[in-house]
Number of protein chains: 2
Amino acid sequence: MTDVHVLVLAGGAGTRFWPASRAAMPKQLLPLSGTAPMIAETLRRVRPLLRSADHAWIATGTSLVSATREVVPEVSPQRYLVEPAARNTAPCIAWAAASVARIDPDAVVVVLPSDQHVADEEEFLLVVERAVLSARKGLITTIGIKPTRPETGFGYVEVGEADGTAHRGIRFVEKPDRVTAEKLVESGRFLWNAGMFVFRAKDMVDAVRTHLPQVGDAIAKFDAAAAKGEESAVVAEIFPSLPGVSIDVGVMEKVASFAVVPGDFGWSDVGSWESAWELASKDDIGNHGPEGTVFAAAQRNHVVDLRTDATEKKRVVALVGVDDLCVIETDDATLIVPRERAQDVRLAVEALKQAGRTERL
Amino acid sequence: MTDVHVLVLAGGAGTRFWPASRAAMPKQLLPLSGTAPMIAETLRRVRPLLRSADHAWIATGTSLVSATREVVPEVSPQRYLVEPAARNTAPCIAWAAASVARIDPDAVVVVLPSDQHVADEEEFLLVVERAVLSARKGLITTIGIKPTRPETGFGYVEVGEADGTAHRGIRFVEKPDRVTAEKLVESGRFLWNAGMFVFRAKDMVDAVRTHLPQVGDAIAKFDAAAAKGEESAVVAEIFPSLPGVSIDVGVMEKVASFAVVPGDFGWSDVGSWESAWELASKDDIGNHGPEGTVFAAAQRNHVVDLRTDATEKKRVVALVGVDDLCVIETDDATLIVPRERAQDVRLAVEALKQAGRTERL
């Protein structure tokens, strides 16, 4: 049986977790759903599938490499695919597929976002193993999440009849409007596209050559350069010129066939402070916060303290007579927002941008 | 005309302004209603009445002397009446009266709490001058505040017919229940007892000798000791044995006659974060906060940042989608409480006490 590699996509930025997340400290580097940074949780979860730590790859941007290495020091520097510019997922997954193919074209690559939460890790591993079996048959396979609500923030994937450990994939649907989302969920035939893809290295390389020839040419050049020890120079030159296209649109929607493995393992994309609260450990009146937080006549609040200074850590946060609030403390910012308005964090980010206070972003 | 002295009562502790106020940094040392600490504002306001800075006295507790001297360095160390133990207002006012009487028994003493706000300072001075004129006639005179609501947190004083610049005082009423408070206010004959007393030094000494003989004996001993340069040793010995009684109960309710000068000068005892917000400068949607505070879809909030570290000062506080909240930041604590529940700050204080975290109190 050929080896399994994992590629963790860790180039994401975003403002939904301000002030915890910053340009230099995005969501995946923060312990938003547990005690370890989300990327560390992601790697830990798939560790049983990998023959060695050397089978874990991380794709991220230049500016995030050192912060990422600090939180997942076990990943070899040689396994970082450092994107000189953000070009969405297709170019970097293609590059990863080519890189693994150089080692073993039959090896299976499991692509995982770095910032998702999984409640049932055992079930998650079973699902990934089913997808690996499907991929070994030569099918690019995606893991679709059983929807729990008519979410308009995700894309969907339509599932056909069962075929071994997987199902035939019918089509990808981009983020729908509310009415469409309700129909998709009611039909029972659509799963959430959670950005998880499993394939043999050579199959993805072939698909990219066919459907994204510019990217296919680029990875051929990367291969040639790698053979001469000049890969990073060539990547620096060519990568920024590649189209910024997602693997869904650039490859998956075009391939003749693909497979889907349905997954139901307590998945969450941890999209806001509200969903972080939902996943967090809470006392019996719904409060989450570090030890020593004072909750007086206060319920269902979410207190996060990410201050790095040891003495600062001893600062007490006291909530009196407030319910359903998120209170986020960092070294240089405090955010207070109702849980149900967590998505409005962007308003604070916009205000700081307008005030030119980009050092806070 | 004899001189006017002022005695500022600055021994107060209290928890209503936690986390800004602490055992070692009580309300009067904080800039709760303006830019300067309240005790500094109190002294500044009466300065026009005093012939020199040497006419200002401060009564406070041993543990507060150095912090107090830092915020009002203009008051001479010789003018501190350092109470070795808290014994309410009568013993310390008696001691102050005796101390001023040693200099000039006919001098007038204006006793003022250190933690009150006055909006109309000109009117305030006029009222105090009326009280001084009344005191010069040998009447212990109190300044009564025209009530604006049926407050149950203050005592009241009943006012009789006008007599020169003052009115005859009828009686003091301790903090009433709600129904009684409403009746008192409706009657139009009752003013709030704001703890402001004006008298000739010798008159208060006489009244104390008559109505609080134990305290009268003590101040006679202080006088004798002072003549030998041994006052502080004798105070340390005797003061803690004195009864802890207020000047209202111990003297004012017992004297044959007293005077009241009604005052209407935008007085506030600044009793909670709510009243601090009422007095604070606000933007046009009712938010108060330091420069740079982000208010996004947020109204009528009160943000106070008392952190001492210069870099910490640059921490941004962002309120998104919350109204009518108080957010108080200090070096070692953050408090979040709705304005209308500001009095429940005590719940946080109690929780910290129960947790044994007295270093935060």
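Which residue of chain A forms a salt bridge with E329(B), and how far apart are the closest N and O atoms? The partner is R315(A), and the closest N and O atoms are 2.5 Å apart. The legends below describe close-up views of a predicted model.

**Figure 1. The salt bridge between R315(A) and E329(B) at the contact of chains A and B.** Two salt bridges are counted between chain A and chain B, and the one shown joins E329(B) to R315(A). R315(A) also belongs, with V320(A) and I336(A), to the residues of chain A that lose the most area to chain B. Across this interface, 22 residue pairs are found in polar contact, with both residues at pLDDT 80 or more.

**Figure 2. The interface between chain A and chain B, with 37 residues contributed by each chain.** The two chains bury about 2,700 Å² between them, and 59% of this area lies on carbon and sulfur atoms. On the side of chain A, R315(A), V320(A) and I336(A) together account for 25% of what that side buries. The general convention behind such a figure is simple: the size of an interface is often given as the accessible area lost when the parts come together.

**Figure 3. Elements of chain A that touch chain B.** Two or more residues each come from β12 (294–296), β14 (316–320), β15 (325–329), β16 (333–338) and α12 (345–354) of chain A. The largest share, six residues, is supplied by β16(A). By residue class, the side of chain A that touches chain B divides into 22 nonpolar, four polar and 11 charged residues.

**Figure 4. Strand pairing across the two chains, between β16(A) and β14(B).** β16(A) pairs with strand β14 of chain B, residues 316–320, in the parallel sense, and four bridges join the two strands. Within this pairing, T334(A) has V317(B) as its bridge partner.

**Figure 5. The salt bridge between E329(A) and R307(A) within chain A.** The closest N and O atoms of this pair are 3.6 Å apart. E329(A) lies in strand β15 of chain A, whereas R307(A) lies in the loop between β13 (302–305) and α11 (310–313). Over all chains, the structure holds 52 salt bridges.

**Figure 6. The aromatic pair W95(B) and F222(B).** Over all chains, 18 aromatic pairs are counted. In the pair shown, the ring centres are 5.7 Å apart and the planes stand at 65°, so the arrangement is edge-to-face. W95(B) lies in helix α3 (residues 89–103) and F222(B) in helix α7 (residues 213–227) of chain B, so the pair ties together parts that are 127 residues apart in sequence.

**Figure 7. The hairpin of β7(A) and β8(A), and the pairing of β8(A) with β10(A).** Strands β7 (residues 155–163) and β8 (residues 166–173) of chain A pair in the antiparallel sense over six bridges. The hairpin has two residues between its strands, and G164(A) in the turn has a positive phi of about 70°. H167(A) in β8(A) is the bridge partner of A162(A), and H167(A) also stands opposite V260(A) in β10(A). β8(A) and strand β10 (residues 259–263) of chain A run antiparallel and are joined by two bridges.

**Figure 8. Backbone details at P19 of both chains and at V270(A).** The peptide bond from W18(A) to P19(A) is cis, with omega near 5°, and P19(A) is placed in the loop between β1 (4–9) and α1 (38–46) of chain A. In chain B, the peptide bond from W18(B) to P19(B) is cis, with omega near 5°; P19(B) is placed in the loop between β1 (4–9) and α1 (38–46) of that chain. V270(A) is not a glycine, yet has a positive phi of about 45°. The residue V270(A) is found in the loop between β11 (267–268) and α10 (273–279) of chain A.

Definitions and conventions. Residues are numbered from 1 along each chain as its sequence is written. Chains are lettered from A and ligands numbered from 1 in the order in which they are written. This is a predicted model: local features need pLDDT of at least 70, side-chain atom pairs count only at pLDDT 80 or more; totals for chains, interfaces and linings use all residues. Side-chain values use heavy atoms; hydrogens and water are left out. Contact means heavy atoms within 4.5 Å. Buried area is the accessible area (1.4 Å probe) that two parts lose on being put together, summed over both. A salt bridge is a side-chain nitrogen of Lys or Arg within 4 Å of a carboxyl oxygen of Asp or Glu. A polar contact is a pair of N or O atoms within 3.5 Å; within protein, one must be able to donate a hydrogen and the other to accept it, and residues adjacent in sequence count only if both atoms are side-chain atoms. Ala, Val, Leu, Ile, Met, Phe, Trp, Tyr, Cys and Pro count as nonpolar, Asp, Glu, Lys and Arg as charged, and the others, Gly among them, as polar. Two strands pair if DSSP finds at least two bridges between them. Rings of Phe, Tyr and Trp (its six-membered ring) pair if their centres lie within 6.5 Å; planes under 30 degrees apart count as stacked, over 60 as edge-to-face and the rest as tilted.
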